[in-house]
Amino acid sequence: MRGRMMALPLTINEIMHYAARHHGEVEVVSVTGDEGLHRTTYAQVFERSARLAEVLTGLGLQRGDRVATLAWNDHRHLELYYGVSCAGFVLHTVNPRLFAEHLVYIMNHAEDRVLCFDPIFMPLVEALADKLPTIEHYVVLCGAASIPANKLPGLVCYETLLDNASADYSWPTLDESSASALCYTSGTTGNPKGVLYSHRSTVLHAYGSVMPDTMGLSKRDTVLPVVPMFHANAWGMPYACPIAGAKLVMPGPKMADGETLHSLIESEGVTAALGVPTVWLALLAYLRDSGKTVPSLERTVVGGAACPLSIMREFEDKHGVTTRHAWGMTETSPLGTVNTLLQSMDNLSDRERDEIRVKQGRVPFGVDLKIVNDVGEEQPWDGESFGDLKVRGYWVCDGYFKQDDSVASLDAGGWFSTGDVATIDTAGFMKITDRTKDVIKSGGEWISSIELENLAMGHPDVAEAAVIGVEHPKWTERPLLVVVPREARAIAKRELLDWFKGKVADWWIPNDVVFVESIPHTATGKVSKLSLREQLKDYRLPPG
Ligand code: ADP
């Protein structure tokens, strides 16, 4: 027997219609390349999305056709999020920090028909255009007066297109399982793989993100996503904020610029900000050096890479800001787990609480997780046993775009293998110990590079740290600590290594320290262990 309830489709169109009617006046503030600090509202954004949809339809795009973007976080990119997906096309957000060969690969693989890009990327687009045979239309995201000199044939201006379009576009009714957006993983091994989101997964993910123990968003919030809109949809904020009625503040190209982030937080009264740890290192360094504060900021959501305790402490102790540590991946839309403490943890000592806070947290309804050993047997939730982390859920991918099903390698129960190694404790808090490929195997035992990095980052003279495994004749591999010192002051290697004593088992303590001026990062802002290993390939451990 079927229930007698309305079967409204779970589509992004519904988010748009709801937000336009009920939160239409809420502001969207963006740093832009051509218009300085730009202010608009959800109602105006969606009105312009309708014009855009009309333009794209007029270009002859068919359902499911891909429209690529090379753009930072701002109102125009938000208009594309809705104008493209709600018209039945697929928004392909491209990460401009990828290597040129990867950019060419993914745009050809996606068979993008339109490419919309920020003027700042003009030289990049000009250099690639010859190798992008599927792209029929190039659209530069600015007004006519701001178009840089270029040699792109048939380039069109976004603002001119919108000015000449009508806003009477009639939105189609879409099937909730139809594709809405496409995002390629950064491809640290092999070619990037396309994660193809659906309308349904996106709406459910947005619901899941708003919940109190995840991002906890409400109409009282002003949200600053410092995570790019080309990386896992800015962690879903462009969809979750309109649902909650939260004001959206977007930093444009000024992603890791501490001064801009502070000024946006201050001028817009930002209450919640989201980003990877390196972004917060930049903000905290700016606050430290300038003596400025962030009184409006209530919480930061930190994910994408393990958040060192030192970041959480500095936010909390100096600025009264709570940190929510979160884990996820492009394949999980990305919300996987978030760390919010349970009521039963209120009376724990600071040290006990810190031990929990560095974990990646618990799953919300909509995602489930398990850890398994080499032969696929589920491991106990005792905080000690570790295994490959597998997930399933409404917003987890079950395969990749135009790839054989075997590439995603779901197990017999339909669980997706994350490539991470983790423990889960009795309270359900998951802790990532490593990415499978970064695990350090010493004498047959595993050492967690993440744990060592967290500890190193707690040393007052360490600005950034990474730990990699290097060859060792007796133990197969031993940990090497790579450090960017905070000041030019020389830190003694011995002092750094002694720092670990009593904090981890003696045999975990790295064998040596290498000081560097900077640590390489990936296109998504994480420490690139691949490049670091390559950089240090000639390094040999001291004997002993
Ligand atoms: P990419 O691999 O393209 O940089 P993803 O966002 O898909 O982008 O990366 C997901 C991976 O990032 C996870 O599988 C995990 O290894 C790592 N990660 C994400 N959040 C955390 C976290 N809080 N702690 C440790 N690792 C994390």
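Student: S8 and strand S9 (residues 194-198) pair up, but in which sense, and over how many bridges?

Tutor: Keep in mind that this is a predicted model. S8 and S9 run in the antiparallel sense, and the number of bridges between them is 5.

Student: And what about strand S4 (residues 90-93): in which sense does S4 pair with S8?

Tutor: Look at Leu91, whose bridge partner in S8 is Ala181. S4 and S8 are joined over 2 bridges, and the sense is parallel.

Student: How many of the 6 residues of strand S8 (residues 179-184) are buried?

Tutor: A residue has to fall under 20% relative accessible area to count as buried. Strand S8 is largely enclosed by the rest of the structure, because the buried count among its 6 residues is 5.

Student: Over to His231: buried or exposed?

Tutor: His231 sits in the loop between strand S10 (222-225) and helix H8 (232-235). Leaving aside neighbours within four places in sequence, His231 is in contact with Cys183, Thr330 and Thr524. The cut-off for burial is under 20%. His231 comes in at 11% relative accessibility, so His231 counts as buried.

Student: Now the open sheet of 8 strands: which strands stand at its edges?

Tutor: The order is S2-S1-S11-S10-S12-S13-S14-S15, with mixed pairing. An edge strand here has a single partner strand, so one side of it is left without a neighbour in the sheet; that goes for strand S2 (37-41) and strand S15 (335-339).

Student: Within that sheet, over how many bridges do S12 and S13 pair?

Tutor: One of the pairs joins Ala272 to Arg299, its bridge partner in S13. S12 and S13 run in the parallel sense, and the bridge count is 4.

Student: Which residues touch the most other members of the largest nonpolar core?

Tutor: That core holds 139 residues. Its largest share, 7 residues, comes from helix H2 (residues 42-58). Tyr82 has contacts beyond four places in sequence that include Phe46, Trp171 and Tyr239. The residues touching the most other members are Tyr82, Phe117 and Tyr138.

Student: How many residues are in the second, separate core?

Tutor: Its members include Val462, Ala465, Leu496 and Trp508. Nonpolar side chains tend to be buried together in soluble globular proteins. The size of this second core is 18 residues.

Student: Helix H11 (residues 277-290) next: how far does H11 reach from its first C-alpha to its last?

Tutor: H11 has 14 residues, and 20 Å is what one expects at 1.5 Å a residue. Just after H11, Gly291 takes a positive phi of about 75°. The reach of H11 itself is close to expectation, at 20 Å.

Student: Which elements do the buried residues of H11 pack against?

Tutor: The buried residues are Pro277, Val279, Trp280, Leu283, Leu284, Tyr286 and Leu287. Residues three or four places apart on an α-helix point the same way, because there are 3.6 residues a turn. The partners of the buried residues of H11 are helix H10 (258-268), strand S12 (272-275), strand S13 (299-302) and helix H12 (309-319).

Student: Which hand does the crossing of H11 and H12 have?

Tutor: The two helices pack at an angle of about 35°, with their axes 10 Å apart. The contact involves, among others, Trp280 and Leu284 of H11 and Ile311 and Phe315 of H12. The crossing of H11 and H12 is left-handed.

Student: Last one: how far apart in space are Ser296 and Gly269, C-alpha to C-alpha?

Tutor: Ser296 lies in the loop between H11 and S13, and at 26% relative accessibility Ser296 counts as partly exposed. Not counting residues up to four places away in sequence, Ser296 touches Ile265, Gly269, Val270 and Thr271. Ser296 and Gly269 are 27 residues apart in sequence, while their C-alpha distance is 5.4 Å.

Key. Residues numbered from 1 in each chain as written. Predicted model: local features only at pLDDT ≥ 70, side-chain atom pairs only at ≥ 80, totals over all residues. Heavy atoms only, no water. Core = buried A, V, L, I, M, F, W, Y, C linked by side-chain atoms within 4.5 Å. Buried < 20%, exposed > 50% of the residue type's maximum accessible area, 1.4 Å probe, protein only. Contact = heavy atoms within 4.5 Å. Expected span 1.5 Å × (residues − 1). Pairing = 2+ DSSP bridges. Axes fitted to C-alpha atoms, helices over the stretch in contact; angles between N-to-C directions. Left-handed = near helix turned anticlockwise from the far one by under 90°.
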